[in-house]
Amino acid sequence: MASAGPRALHLGTTPISARSVALTAESSFHVKLNQDALTLMTRSRDVLEHAAASGQRVYGLNTLLGSGRDTAVEEKSLLAYQIQVVRYHNSGVGSYLDRSAARAVILARLIGFSRGGSGVRPETAAFYGEMLNRGVLPAIPREGSVGSSDLTQLAAVAAVAIGEGQAFDADGTLIPGAKALADAGLQPLVLAPGEALALVSANAYSVGVGTLALVRLQYLARLADVALSLSLETTARYDGGGNLSPFSPAIQAAKAVNGQGDSASAVRHLLSGGWMEDVRPEVSVQDALSFRAAPQTHGAFRSLVAQLDAALEVELNGRGDNPLVDVESGLMVSGGNFQPMQLALAFEGLRVAVAHVGISSERRIAKLYPPQRAIRARHLQAASTKAPSAGSGPGAGLDSAPAAGLAQEELPGLLWYSAAGLLAELKFLAAPATLGAPTLSADVEDHSTLAPLALQQLEKSVEVLEKLLAIEALTASYLLLEAGAAQPLGKGTAVVVGRLADVLADRPAAPDLVERARIALRDATDRVLPETEEGAELR
């Protein structure tokens, strides 16, 4: 039987989802340009060549760039000028992007070509597709863009395409770009007039790597509800808390905040089938806000994640080229679509939202630790007209369960302290990143988005929040396991606790404990709260 071959992302002229881009970048999926995209690019190239032949002065086609925008480039120098543009902009610094991020950059630029605004030849776009399909992995420095087109990152890709620059081989060793092409069976690309600027002038780093951040953020939205559900069961088991009325459909229907109802529904799903669904007369009238208002916090976070998704899809499905080839009018038009302000602000806002999710998580962690729980239990007993009998009531388990005499440090390390440190980092990372760009190019480029910096800070925030939520899930699971199985957990939380029980049983050191918990939580969360299906353009 013939092999079906690798799965592919089909690029045409129809909209493409950010999630499909991320899945393709993270996998071995191939890309294929459909005939409608090839036809559109041919028409786009015809417009550019007509403008060049007419003697029209067009930015970057027959003029210099930046402050040299009104200086003409002689026709006899146009081909050499393409090489000069690539070399000039290949000046990024810092660490290199990993495989998924590098693939995302190339793929995002290829998608931009397919939209018909750049004027590149179809064979140039196809060459970028073959770089992806044959595993050519340019060495792309992380720093160097101010967010008015990711010039340095894209120049690193273009340099390899023309047989210069550096790339990684299959073992991760840096090799010359020309060798990487030869090993893949490709000849260096010879650029036509206007193509150098089209290759480097786009936001493919911010957009491509942004899709990878989006997928992680979508996962964190689910993980936050998992950690919250575990903490609700823990505070209900030990402290008489865990009032589920704030998660009820009635409360959620009363205020239509995007994402809030989804968060509350996820919690109800995770806890369904467990003992918390039963009416508990001893339950606290109201929990602390980190529990009670969690749907509002998590929902706002989900809403901003959705806004990022929308902003990425605007960039992926739009034409950010300058000059823009307008196929319908047959003109080349100067503009500012390379300035991804909406995307930059989406990155900014999400870091604040991430910090708020982290604040609530750390406060719940604090309330799960024994000294905090003991204070709560004494308060409940003092307020009661009848002290609860052993093994019942709001203080049940605190003095009788195996966890009763645990000192704070006998929980999974002093993870509360680590959580506090992580929260401080989240607050620091929430500071604005997009306001600090200086003016460049003789004050012609006098405003920038700094979208790449905002994205890089968001990537750090995502990493920190995942650790913090893992600590919350670990702490709650530890206490639930110590309390025993007298009362059944929810059908979703039971799966998660079971996975974390395996991690806790090995008693690894704290760094390994959190890292192993993160891995276990990814699998468990996908089981109990499955992710959205991939886009239809993947086949």
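Start your tour inside the largest cavity, whose lining has six nonpolar, five polar and five charged residues. Keep in mind that you are looking at a predicted model. This cavity has a volume of about 190 Å³. To find its centre, select R109, G112, A202, N203 and E315, the closest to that point of the 16 residues in the lining. Next, colour α4 (99-114), α9 (204-239) and α13 (294-317), the elements that each give two or more residues to the lining of the largest cavity. Of these, α4 gives the most, with four residues.

How many cavities of 30 Å³ or more does a search of the whole structure find? There are two, so let's visit the other one.

The second largest cavity holds about 100 Å³ of space. Select S118, G194, L197, N322 and P323, which are the closest to its centre among its 13 lining residues. Here the lining divides into seven nonpolar, five polar and one charged.

Stay with N322 and P323 for a moment: the peptide bond from N322 to P323 is cis, with omega near 0°. You will find P323 in the loop between α13 and β8 (324-326).

Most peptide bonds are trans, and most residues other than glycine have a negative phi. With that in mind, here are two more stops.

Select S149, in the loop between β5 (141-143) and α6 (151-161). Its phi is positive, near 75°. Is S149 buried or exposed? S149 counts as buried because its relative accessibility is 3%.

Finish at R507, in the loop between α18 (491-505) and α19 (510-528). R507 is not a glycine, yet has a positive phi of about 45°. With 74% relative accessibility, R507 counts as exposed.

Note on methods. Residues are numbered from 1 along each chain as its sequence is written. This is a predicted model: local features need pLDDT of at least 70, side-chain atom pairs count only at pLDDT 80 or more; totals for chains, interfaces and linings use all residues. Side-chain values use heavy atoms; hydrogens and water are left out. On a 1 Å grid over the protein atoms alone, a cavity is a set of points where a 1.4 Å probe fits but cannot get out, and a pocket is an open set with protein on both sides within 12 Å along at least five of seven lines; lining residues have an atom within 4 Å of a point. Grid points are joined across faces, edges and corners, and a volume is the space filled by probe spheres set on the points. Ala, Val, Leu, Ile, Met, Phe, Trp, Tyr, Cys and Pro count as nonpolar, Asp, Glu, Lys and Arg as charged, and the others, Gly among them, as polar. Buried means under 20% relative accessible area, exposed over 50%, partly exposed in between (1.4 Å probe, protein chains only).
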